[in-house]
Amino acid sequence: MSNKRVSYFYNPDVGNFHYGTGHPMKPHRLSVIHSLVLNYGLNNKMQIYRPYKASAHDMCRFHSDEYIDFLQRVTPQNIQAFTKHLSHYNVGDDCPVFYGLFDFCSMYTGASLEGAMKLNNNDCDIAINWSGGLHHAKKFEASGFCYVNDIVIGILELLKYHARVLYIDIDVHHGDGVQEAFYLTDRVMTVSFHKYGNYFFPGTGDMYEIGAESGRYYSVNVPLKEGIDDASYWQVFKPVILNVMDFFQPTAIVLQCGADSLANDRLGCFSLSTKGHGECVKFVRNLNVPTLVVGGGGYTLRNVARCWTYETSLLVDETISNELPYTEYLEFFAPDFTLHPDVVIRRENANSRQYLEAITKYVYDNLKMIQHSPSVQMQDIPGDAFIDDNKTKEEDPDVRISQELEDKTVEAKNEFYDGDKDHDREEMET
Ligand SMILES: [Zn+2]
């Protein structure tokens, strides 16, 4: 539990965006978390930065020029002119056009990018961006409330200095956008723990998705059933991550902390407490590898705020009181006004011990197939993102951009688009 240098990236404007009335994604949660972080005094334990805003050029390191150009130009006023493009880019319902959309993407993406740069320069050991973690965004389109994939862009920056980057995702949904981006490379291992089955969004993440070509065995999926509690989650999380560390030996980690895996989430169906969720974060912190920590899903605002505030305290290794400090948002936390309210478990844990043991063994058997600590050659290190601003666009061999991917994207869309979407949980559970 050595002391770590923690950098925290927060743009005070990022909480002011609105996806629209009734939409479950509420950027306002970021203002609430920041207020709790300040009032607990956690700002004294870390460096706070107002982050860089990502440019269209930064975003095009992963996304197509046409898609980013569209995001830059579309507004609620001119949306009629883009009618044809909306469905093409999967923008409209789940991923609405709202005021300042591109600015919002610039803020959360720039924070992840700057976090990766600070880690690369050894300016910190841990970089936190609660506004990031939008893991569903695809190269050519928006998906599941995500427009620009800040995680992929952050990992691409880390790959300039790191031979192997590990991605860990504890959101209730499969980290499909990140997995797809790095499906063919052995330089990034993606590990996602998520609800799978009954058409739960996004529909991917079966344990048999293991990567392809050079990336075979470098995608790890842990499909879980509803109602998983702290003890069961830990039973699978700890051995899987220990085995991944042993076989892959990453030199940098990106941890996506989606809080929709908490009990009583508006969209999720797991039964984790903030302590159980935080245990995973603490465990990754104590692996002593430079780590970019990002947010993600989380749709019961008061619980997301509790969770990421608590996890900030774990990352800076500071014990904080269960009694919440006074903030302008205190009424959100009635009636208990605590950091760790009792978890009321509303659904049975459908994950048997045997089921979890079987997945853990399957993952272990696959990991054994990769060469122990492959010696990936360091390539010439390209310049840092902010300086390297010429418009020449190199093909990046570590990002998956093949025709096969395009085909797969279309196929996935047909397969899953019409079914459930993130917001209609009632339907999903029948
Ligand atoms: Zn999610």
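**Helix packing and the nonpolar core**

Helices H9 and H10 cross in a right-handed sense. Their contact is made from H9 by Thr 274, His 277, Gly 278, Val 281, Lys 282 and Arg 285, and from H10 by Arg 306, Cys 307, Tyr 310, Glu 311, Leu 314 and Leu 315. Keep in mind that this is a predicted model.

**H9 and H10**
- H9 covers residues 274–285 and H10 covers residues 301–315, and their axes come within 9 Å, crossing at roughly 30°.

**H1**
- H1 runs over residues 28–39, so to speak a twelve-residue helix, and spans 17 Å from first C-alpha to last, close to the 16 Å expected at 1.5 Å a residue.
- Its buried residues are Arg 29, Leu 30, Ser 31, Val 32, Ile 33, His 34, Leu 36 and Val 37.
- H10 turns up again here: the buried residues of H1 pack against H10.
- After H1 comes Gly 41, with a positive phi near 75°.

**The largest nonpolar core**
- This core has 117 residues, and Tyr 147, Ile 155 and Tyr 167 are the ones touching the most other members.
- Helix H5 (residues 101–120) supplies the largest share of the core, with eleven residues.
- Setting aside neighbours within four places in sequence, Tyr 147 is in contact with Leu 71, Cys 95, Leu 101, Cys 105, Leu 134, Ala 137 and Ala 142.
- As background, nonpolar side chains tend to be buried together in soluble globular proteins.

Definitions and conventions
Residues are numbered from 1 along each chain as its sequence is written. This is a predicted model: local features need pLDDT of at least 70, side-chain atom pairs count only at pLDDT 80 or more; totals for chains, interfaces and linings use all residues. A nonpolar core is a set of buried Ala, Val, Leu, Ile, Met, Phe, Trp, Tyr and Cys residues joined through C-beta atoms within 7 Å. A residue is buried if 20 or more other C-beta atoms lie within 10 Å of its own, exposed if 12 or fewer, and partly exposed in between; C-beta atoms are placed from the backbone. Helices (H or I, at least four residues) and strands (E, at least two) are DSSP runs, numbered from the N terminus. Two residues are in contact if their C-beta atoms, placed from the backbone, lie within 7 Å. Axes are lines fitted to C-alpha atoms, for helices over the stretch in contact, and angles run from 0 to 180 degrees between N-to-C directions. A crossing is left-handed if the near helix is turned anticlockwise from the far one by less than a right angle, and right-handed if clockwise. The expected span of a helix is 1.5 Å times one less than its number of residues.
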